[in-house]
Amino acid sequence: MHTSASVELPITLNRNLTTSLPSQLAEKIRELILNGTLIASDPLPSTRTLAQRLNVSRGTIVSAYEQLTAEGYLHTTHTGTTINPHLPHPHNKHHTNTPQPTTPTHLSTSHLRTPQNTIIDLRPGTPDTSTLASTPWRAAWRTAAANVGTTYPATGSPTLKKELAEHLRITRSVITHPEELLITSGARDGFRLILSTLRTIIKDRPLRIAVENPGYPSLQKIPATFGHTIMPIPLDTQGLNPQHLPPHTPPDIILLAPSHQYPLGTTMPITRRLELLEWAHKNKALIVEDDYDSELRYTGDPVPALASLTRSHHLASHYDCVVTLGSFAKTLSSAVGLGYLLTPQHLHEPLSRLRTQLGSPVSAITQEAMTLLLQNGTVRRHIAKMRRIYATRRRLVQNYYDHSKLSQQCTLLPMDGGLHAILKFTSRAHLSAEEQYLKEQKVVARAKEQGVSVRSLGEYWSHNGMPRQDYGLIIGFGAVSERHLEQAMTLLTRIICNP
């Protein structure tokens, strides 16, 4: 029996259309069923939950559900609404049941706990792991540790890949076969594997890697370590603009985070995504999608991964150019040490061959435990729980900004998702770039002296002669309590407003 958690529907309603909202909603759910994103027996959100998420009346949802029930797409009982369990399943071979391992023994999860610090640490990127070691979590690791003789292919456990394919379908609207996935120890491991594989294909020169500027520094440092050429590309309000990519020396790889750009938080719209895919297709470039925290979205529904576009029936053959880097570092903990690569068809064989030659860095115990945690719904329940907790901390930052003097000195950039906020200093025409930089560094240093650790926005820029446009602070609210977060915001306000 299929028991997936409620699917997070990638749906947006347009109030400017002449079509009624219930009709729009019904049509979009039909499309999700027909293209395989929703499958037989998938539970749908309650009418009240979906109404709140879409910001419409509950009657709109009820009307759409009733229409689809009458058409035979949905099945409603006293326990809720699901996709009709008798609908044909186009991907049944991907969702076969797997025997559950037994004989649990003890496995400590102390290595997943955040160490206690003497200061309030607001550096971004760290999730809250204080509630991670639940009873199901401990049981999964005990069971995995009992099967110490288990071995898997270097590309990963087949059962884990099946569960990851289901996880991607539910949370990222990506329809994929398990065999298209490779298990990695995280985003960095996956990116290194991509670079090494392409280097066996392009042998006469270093690779050219286009990166977002500003962008995620740890991933961007990897190509430079291998001697490849980094090409920082400036961003606009829609993210990376393909028109800024050099036409005469096009990059081999475009590394970006389209669903939640780091650190500015931009979400790339569909028009820009299609423009980027077309550019990559024409220039034979590979797009590496860093899908690092897209499940942690607070406004609207999760944005589908870029790979979901390339796998739709009318685009798949044209745009087979996206590799997705996935991990659980932000949604669970970086200490789990597990991620995945979703690869285009033409790269799967060379990537798999290289992984087999190098061996897998992920232990069978970790793969077994994560398989169990995905199978029993623990991962998705934890993500949903933490999303609510992080949303509370996000509101705290927003409310503090709205009711303090910070708004006179900074702009709080939109926080649609993720674990951090950006306080961008208000531009001062009389200050030079050097003076704005010194102010940024002074605020960071004074905050640290007084017990609060934050990052400057300047740490995320590639300094290659390109002028910086923004100065400010990046504040991580993932791994800090509400009480400490409020204390830190009070201190930062005092420092910023009284330089």
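User: Of the 92 residues in the largest nonpolar core, which touch the most other members?
Analyst: This is a predicted model, where local features need pLDDT of at least 70, side-chain atom pairs count only at pLDDT 80 or more, and totals for chains, interfaces and linings use all residues. Residues are numbered from 1 along each chain as its sequence is written, and side-chain values use heavy atoms, without hydrogens and water. A nonpolar core joins buried (under 20% relative accessible area, 1.4 Å probe, protein chains only; exposed is over 50%, partly exposed in between) Ala, Val, Leu, Ile, Met, Phe, Trp, Tyr and Cys residues through side-chain atoms within 4.5 Å. Within this core of 92 residues, the members that touch the most others are Leu122, Ile254, Ile287 and Met370.

User: Which helix supplies the largest share of this core?
Analyst: Helices (H or I, at least four residues) and strands (E, at least two) are DSSP runs numbered from the N terminus. The largest share is nine residues, and these come from residues 378-402, helix α12.

User: Which residues is Ile254 in contact with, leaving aside its neighbours within four places in sequence?
Analyst: Contact requires heavy atoms within 4.5 Å. With neighbours within four places set aside, Ile254 is in contact with Ala210, Leu240, Leu245, Leu276, Trp279, Ala285, Leu286, Ile287 and Val288.

User: What is the volume of the largest cavity?
Analyst: On a 1 Å grid over the protein atoms alone, a cavity is a set of points where a 1.4 Å probe fits but cannot get out; its lining residues have an atom within 4 Å of a point. Points join across faces, edges and corners, and the volume is the space filled by probe spheres set on them. Seven cavities reach 30 Å³ or more, and the largest has a volume of about 80 Å³.

User: Which elements each supply at least two residues of the lining of the largest cavity?
Analyst: The lining includes Val211, Leu219, Leu255, Tyr216 and Tyr262. By class, eight lining residues are nonpolar, two polar and two charged. At least two residues each come from β5 (208-213), α7 (217-225) and β8 (253-256).

User: Which residues lie closest to the centre of the second largest cavity?
Analyst: The second largest cavity has a volume of about 60 Å³. Eleven residues line this cavity, and the closest to its centre are Ser259, His260, Ser294, Arg297 and Gly417.

User: Is Ser259 buried or exposed?
Analyst: Ser259 belongs to the loop between β8 and α8. Beyond four places in sequence, Ser259 touches residues including Arg172, Glu289, Ser294 and Arg297. Its relative accessibility is 4%, so Ser259 counts as buried.

User: How is the pair of Trp137 and Trp141 classed?
Analyst: Rings of Phe, Tyr and Trp (its six-membered ring) pair if their centres lie within 6.5 Å; planes under 30 degrees apart are stacked, over 60 edge-to-face and the rest tilted. The count by this rule is six aromatic pairs. Trp137 and Trp141 have ring centres 5.8 Å apart and planes at 50 degrees, so the pair is tilted.

User: Where in the structure do Trp137 and Trp141 lie?
Analyst: Trp137 is buried at 1% relative accessibility, and Trp141 is buried at 4%. The two residues are four apart, about one turn of the helix, and both lie in helix α4.

User: What angle separates the ring planes of Tyr216 and Tyr262?
Analyst: Tyr216 and Tyr262 form an edge-to-face aromatic pair, 5.0 Å centre to centre, with an angle between the planes of 85 degrees.
The pair links distant parts of the chain, 46 residues apart. Tyr216 is partly exposed at 26% relative accessibility, Tyr262 is buried at 6%, and the angle is 85 degrees.

Terms used. 1 Å grid on protein atoms, 1.4 Å probe; cavity = no way out; pocket = protein on both sides within 12 Å on 5 of 7 lines; lining within 4 Å. Nonpolar A, V, L, I, M, F, W, Y, C, P; charged D, E, K, R; others polar.
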